[in-house]
Amino acid sequence: MTDYSTVKSIACSTNGIWSKIPDNDDIAKYMSSYYKLFAMGLGDNANKNFVAWVEPYPFATSGDMGTTISAPVYDRSVSPNMFIGVIATGFTVEFMKEIVGGSDSYNEVLKALVRRSTAICPKYTLNECEL
């Protein structure tokens, strides 16, 4: 029998999260729970207006360069906030250049947006039952 007390102690002493994943079990089930917990943390007030912009990439359907903006969606009428899903839209680089007035302006605008696409680390205040 494996002793997990050391890794559990490290996680607890650093305000981390610990979970035992049994050998030969469905790891996807455990990772899914972790991602739900991570998403719950992004639902706090510090990240209320968080959106993510990605650096341009070639769209699979056309090969045109484009970018995507996305944001998590939460039900904030419950506590803790419940993660519902993600909303996203994409548009081409050419469209963005047309909107902002040229490639130089576009590059600066996109760089600024990508830099702002960093969430604030959540502070979990979940009780043992919620966790």
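Residues are numbered from 1 along each chain as its sequence is written, and side-chain values use heavy atoms, with hydrogens and water left out. Because the model is predicted, local features need a pLDDT of at least 70 and side-chain atom pairs count only at pLDDT 80 or more, while totals for chains, interfaces and linings use all residues.

**Exercise 1. State the confidence of the model, for the chain and by element.**

Solution. 
- Term: pLDDT is the predictor's confidence in each residue, from 0 to 100.
- Chain: the average pLDDT is 79, and 84% of the residues score at least 70.
- Elements: the lowest mean, 74, belongs to helix H2 (residues 27-41), and the highest, 92, to strand E2 (residues 57-58).

**Exercise 2. List the secondary structure in order and describe burial and contacts.**

Solution. 
- Term: helices (H or I, at least four residues) and strands (E, at least two) are DSSP runs, numbered from the N terminus.
- Count: the chain has four helices and four strands, in the order α-α-β-β-β-β-α-α.
- Burial: 20% of the 131 residues are buried, where buried means under 20% relative accessible area, exposed over 50%, and partly exposed in between (1.4 Å probe, protein chains only).
- Contacts (heavy atoms within 4.5 Å): among those between residues at least 6 apart in sequence, 43% join residues at least 24 apart.

**Exercise 3. Work out how the strands pair around E3 (residues 65-75).**

Solution. 
- Term: two strands pair if DSSP finds at least two bridges between them.
- E1 (residues 52-53) is antiparallel to E3, with two bridges; Trp 53 stands opposite Ile 69.
- E2 is also antiparallel to E3, with two bridges, and Pro 58 has Met 65 as its bridge partner. These two strands form a hairpin with six residues between them, and Gly 63 in the turn has a positive phi of about 85°.
- E4 (residues 82-92) runs antiparallel to E3 and is joined to it by 10 bridges. Ala 71 faces Ile 87 across this pair, and a hairpin of six residues connects E3 to E4.

**Exercise 4. Find the salt bridges and classify the exposure of each partner.**

Solution. 
- Term: a salt bridge is a side-chain nitrogen of Lys or Arg within 4 Å of a carboxyl oxygen of Asp or Glu.
- The structure holds two.
- Lys 29 pairs with Asp 25 at 4.0 Å, N to O. Lys 29 is partly exposed at 44% relative accessibility, and Asp 25 is partly exposed at 33%.
- Glu 94 pairs with Lys 97 at 3.7 Å, N to O. The two are about one helical turn apart, because they lie three residues apart in helix H3 (residues 93-100). Glu 94 is exposed at 53%; Lys 97, at 24%, is partly exposed.

**Exercise 5. Locate a nonpolar surface patch and set its area beside that of the chain.**

Solution. 
- Term: patches are made of residues with over 30% relative accessible area and no salt bridge; like charges are joined within 9 Å, nonpolar side chains (Val, Leu, Ile, Met, Phe, Trp, Tyr) within 5 Å.
- Members: Val 73, Ile 84 and Ile 87 form the patch, with about 270 Å² of accessible area together.
- Val 73 lies in E3 and is partly exposed, at 33% relative accessible area.
- Areas come from the Shrake-Rupley method with a 1.4 Å probe; for residues, only the protein chains shown count as cover.
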